[in-house]
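Subject: Structure handover

Hello,

Here is the structure I said I would pass on. Please open it and keep it in view while you read the notes that follow.

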Amino acid sequence: MAIEDKVREGLPLDDVLVVDAHAHLGAYSEGRMYIPTPDEDTMVRLMDRMGVDVACISSLEAMSDFRAGNERTARAVRKYPDRLVGLAVVNPHYPEEVGPELERCFEELGMKGIKIHPTCNDYPVDGKGYEEVWRFASERGTFVLSHTWQGSSTCGPKMFASVAEKYPDLPIILGHSGGNPKGYEEAIEVAKDHPNLYLDLCGSLITGAWVERIVEAVGADRVLYGTDFPFIDPFYEFGKVCFAGIDEEEKKKILGLNMAEILRRAGWER
Amino acid sequence: MSPLRLFDANAMVGRWPTEKLAFHDLEGMLTTMDRLGIDEALVWHSLSRFYDPMEGNRKLMEEIGDHPRLHPCWVLVPPFTSDAGTVEEVMADMRKNGVRAVKFFPREHGFKLRSWNMGGLLEALERERVPVLLDADQVDPEEVHELCEAYPGLPVVLGRTGYREMRAIYALLAGHENFYVDISTFLLYRGLEEVVGKFGAGRLIFGTGMPIHDPAGAATKLRYAEVDDEAKEMIAHRNLEGLLERVGT
């Protein structure tokens, strides 16, 4: 049964590997924005409904307190080690703590990747406070997922060119692919020049038409499924990818095979 | 369960000025509807928003004609300027053309959705029970609250709700029985489920926002939602059909 036929019937994709490259956990920065039941039990239940095998999560609490937030992520991963992969979060305004916290996250808390959010921290992605992130990730052989948004002074897609060039073997995921139509175009352009840049599709503004354009421009091998859940509802993003006008093999790469390979290279196995 | 019958409350035909969308004509819309299993749609025309409301409404009628799956939703403006027609003329035109839902773009078209600015149009729509479809980027929650309070017989359906203003959306649902949410971009995590639990399935209406938004989003959300089949049927088509059937009664 084709992927879109299954989704039209509301069935889980139980015969397709699905990895959500961009997910979170918990309330948004101490209740600023209301999110009902953003706990790991509910998240895994919804993953089952869609047939999502694995989600890469970072706690939203880490946006305000990275240490407490990373511990929250680790507790969830300990509960569902086969379903959740933890991503470490750091704050570039505390540069002296970046290295030690990443070390703690990977050695003690079992994290496998890094998530940064230059907008939330109001800090440019190519600034000094993030240098240790890139160095650590590169040496460790892991990956970095970053929030990106076109027009932002901290994380417009083009700002990733210098980092991608300096660390050509480091997989860098441009979360939201720039976030809006101009951002998608910008993300496509920068990704064309840097083969270690990956584009994730999560975001309220992206449509199947853009999924098709992105795949046509950079190839399905560097496009990743992500939802941002529970920050927003995951089913909308799930439907957009499953119904996009691309072929079945491309959908399978995007839905899971590409991210599974990034995770495997980062040392994660189920 | 048999396939869910979907009636989209929020579809647009016509070009979008700032982006090439997935389609702009009826052929593209119908192909998309078939692929996603959407049976019928309320349709408005982009010219009504970006060029001239009346010309857009005329163009809409010309394009959809009496298509059995597509139903017109006109964009209206207050009756004071000479492009708008009197309230009586507009209501008569709507009846003549089978128009049973309207949309306003107060921010885009430069007016306030309040009695002093609407010249009796809202009273006429309330009398005829014509649903008013609004986008959250065109009105703030305060205006929606005042509208629902001043015109309790007027069904008000809010789309483009996103996920950030839920504390206000929930208050509107709690405070006004004539307030409904179109789920096209109701992106709150488990929001559909929670609203059904708190306020009942009668307050949500299936919409896609296509082609500005991807219709696969709302269609997939509804199909996978953790609510029972009865609630899905209500959201998918019955609530909207009920509102449209009551028009003019």
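In this predicted model, chain B has an open sheet of 3 strands in the order β1-β2-β3, with parallel pairing. Why is one side of β1 and of β3 in chain B left without a neighbour in the sheet? β1 (6-13) and β3 (70-72) of chain B stand at the edges, and each has a single partner strand, so one side of each has no neighbour there. From one strand to the next, the twist averages 30°.

Next, go to β6 of chain B, residues 132-135. β5 (residues 102-103) of chain B pairs with β6(B) in the parallel sense over 2 bridges. Here Val102(B) stands opposite Val132(B). β6(B) also pairs with β7 (residues 156-159) of chain B, again in the parallel sense, over 4 bridges, and Asp135(B) stands opposite Gly159(B) in β7(B). Between β6(B) and β7(B) the chain passes through helix α8 (residues 141-150) of chain B, a right-handed β-α-β crossover.

One more point concerns the faces of a strand. In a regular strand the side chains alternate between the two faces of the sheet.

Regards

Key
Residues are numbered from 1 along each chain as its sequence is written. Chains are lettered from A and ligands numbered from 1 in the order in which they are written. This is a predicted model: local features need pLDDT of at least 70, side-chain atom pairs count only at pLDDT 80 or more; totals for chains, interfaces and linings use all residues. Two strands pair if DSSP finds at least two bridges between them. Axes are lines fitted to C-alpha atoms, for helices over the stretch in contact, and angles run from 0 to 180 degrees between N-to-C directions. A crossover is right-handed if, with the strands pointing away from the viewer, the path from the first strand over the helix to the second runs clockwise.
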